[in-house]
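Keep the viewer open and follow along.

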Amino acid sequence: MAFNPKITDMEVSDINDKTQLYQYVVTLNDKSKYRLFLSKNPEWNLQAANRLLNIPCPMCRKDYYCKCMDKHLDKLEAEFLTKIEAQA
Ligand SMILES: [Zn+2]
């Protein structure tokens with residue numbers, strides 16, 4: 001099954017203009033939440049996404065940390081770019 005993450009909510013968690021490192025907490029349409037670690041220099045680059053443990057992983061159903069999203073970082077990054085551009 002294709003995985004197409006949709007961000008329904010996004011908030012800034014940490015901004016460091018000096019290091020150009022940014023953290024956002026996003027909620028996806030499956031209700032899972034992730035903390036995104038990004039750099040911007042000048043293009044946004046999604047480096048990692050840590051799932052917050054608000055619900056079991058929608059992909060593997062574990063309620064502890066898993067690596068499922070690591071395989072989909074490119075899709076999540078594309079979705080993030082769409083949202084951040086819409087906000088600008
Ligand atoms: Zn998982």
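Two strands count as paired if DSSP finds at least two bridges between them. The model is a predicted one. With that rule, take strand S2, residues 21-28, and strand S3, residues 33-40. Seven bridges join S2 to S3, and the two run antiparallel. Four residues lie between S2 and S3, which form a hairpin. In that turn, Lys31 has a positive phi of about 80°.

Now step back to the other partner of S2. Strand S1 covers residues 7-16 and is joined to S2 by eight bridges. This pairing is antiparallel. Ile7 faces Leu28, a residue of S2. S1 and S2 also make a hairpin, again with four residues between the strands. Here Gln20 takes a positive phi near 60°.

Next, the whole chain. There are four strands and one helix. Read from the N terminus, the order is β-β-β-β-α.

What radius of gyration does the chain have, and what would a compact globule have? The chain has 13 Å. A compact globule of 88 residues would have a radius near 12 Å, so the value agrees. Along the principal axes, the C-alpha atoms fill a box of roughly 35 × 20 × 20 Å.

Two percentages complete the picture. Of the 88 residues in the chain, 12% are buried. Among contacts with a separation of 6 or more, 27% come from residues 24 or more positions apart.

Notes. Residues are numbered from 1 along each chain as its sequence is written. This is a predicted model: local features need pLDDT of at least 70, side-chain atom pairs count only at pLDDT 80 or more; totals for chains, interfaces and linings use all residues. The radius of gyration is taken over C-alpha atoms; the globule rule is 2.2 Å times the number of residues to the power 0.38. A residue is buried if 20 or more other C-beta atoms lie within 10 Å of its own, exposed if 12 or fewer, and partly exposed in between; C-beta atoms are placed from the backbone. Two residues are in contact if their C-beta atoms, placed from the backbone, lie within 7 Å.
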